[in-house]
Amino acid sequence: MIVTEDYLDMETEAFALVQSIMESDIGQNYCAAKIALEQDEAAQAKIHAFNQAKKAFEEIEVYGKFAPDFKEKNREVRRLKREMDVDEFVYQYRLVETDLQTILDEVSLTLARAVSDTIKVPAGNPFFATGASGCGTGGGCGCG
């Protein structure tokens with residue numbers, strides 16, 4: 001790609017859009033929730049325990065029910081996931097993350113539709129139906 005003055009102008013405007021989003025209430029709430037989550041030791045311990053259990057389960061998952069301790073490890077992963085999901089910091093982070101993702105999806109869709117109605121726009125939220133192509137493969141799987 002040849003970098004032109006038009007490209008540099010668009011890049012500058014894109015950075016201004018990012019700055020505007022991050023300075024909005026939603027952007028500020030996201031940053032605050034992310035920092036709070038990162039600084040909460042109990043939440044971090046739950047996330048770490050879940051990731052460790054998930055990794056251990058993934059190592060035996062390919063063998064299915066024939067693997068030793070398959071059921072127990074599967075139950076442990078689900079238990080730790082529930083424990084992590086009900087943590088207040090994780091819950092708040094996911095709420096504001098979803099709000100931010102919705103804004104980003106809407107911006108992406110608006111930009112794409114300004115160019116052409118046929119441009120596929122992958123959406124981070126499967127329930128964001130207006131103009132989303134589904135799984136983000138560009139329609140290759142046929143779900144969009």
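Let's start with Lys71. This lysine is exposed, because its relative accessible area is 56%, and exposed here means over 50%. Keep in mind that this is a predicted model.

Where does Lys71 sit? Lys71 is in helix α4, which covers residues 70-85. Together with Arg75, Arg78 and Arg82, Lys71 forms a positive surface patch.

Which residues make up a negative surface patch? They are Glu5, Asp6, Asp9 and Glu13. Take Glu13 from that group. Glu13 belongs to helix α1, residues 5-23. Is Glu13 buried or exposed? Glu13 counts as exposed, because its relative accessibility is 57%.

On to pairs. Side chains of opposite charge can pair when their charged atoms come close. How many salt bridges does the count give in this model? The count comes to 5. Let me walk you through some of them.

Look at Asp87 and Lys46. These two form a salt bridge, and their closest N and O atoms are 3.1 Å apart. Why does this pair tie together parts that are apart in sequence? Because Asp87 lies in the loop between α4 and α5 (88-115), while Lys46 lies in helix α3, residues 41-61. The parts they tie together are 41 residues apart in sequence. Now check the cover. Asp87 is buried, because its relative accessible area is 6%, and buried means under 20%. Lys46 is partly exposed, with a value of 23%.

Next, Asp85. Asp85 forms a salt bridge with Lys81, and here the closest N and O atoms are 2.9 Å apart. How are Asp85 and Lys81 placed along the helix? They are 4 residues apart in helix α4, so about one helical turn separates them. Asp85 counts as partly exposed, at 25% relative accessibility. Lys81 is partly exposed as well, with a relative accessible area of 32%.

Asp85 has another partner to show you. Arg94 forms a salt bridge with Asp85, with the closest N and O atoms 2.4 Å apart. Arg94 is partly exposed, because its relative accessible area is 34%.

Then find buried Asp87 and its salt bridge with Lys46.

Conventions
Residues are numbered from 1 along each chain as its sequence is written. This is a predicted model: local features need pLDDT of at least 70, side-chain atom pairs count only at pLDDT 80 or more; totals for chains, interfaces and linings use all residues. Side-chain values use heavy atoms; hydrogens and water are left out. Patches are made of residues with over 30% relative accessible area and no salt bridge: like charges are joined within 9 Å, nonpolar side chains (Val, Leu, Ile, Met, Phe, Trp, Tyr) within 5 Å. Accessible areas come from the Shrake-Rupley method with a 1.4 Å probe; for residues, only the protein chains shown count as cover. A salt bridge is a side-chain nitrogen of Lys or Arg within 4 Å of a carboxyl oxygen of Asp or Glu. Lys and Arg count as positive and Asp and Glu as negative; His and the chain ends are not counted. The place of a charge is taken as NZ of Lys, CZ of Arg, CG of Asp or CD of Glu. Helices (H or I, at least four residues) and strands (E, at least two) are DSSP runs, numbered from the N terminus. Buried means under 20% relative accessible area, exposed over 50%, partly exposed in between (1.4 Å probe, protein chains only).
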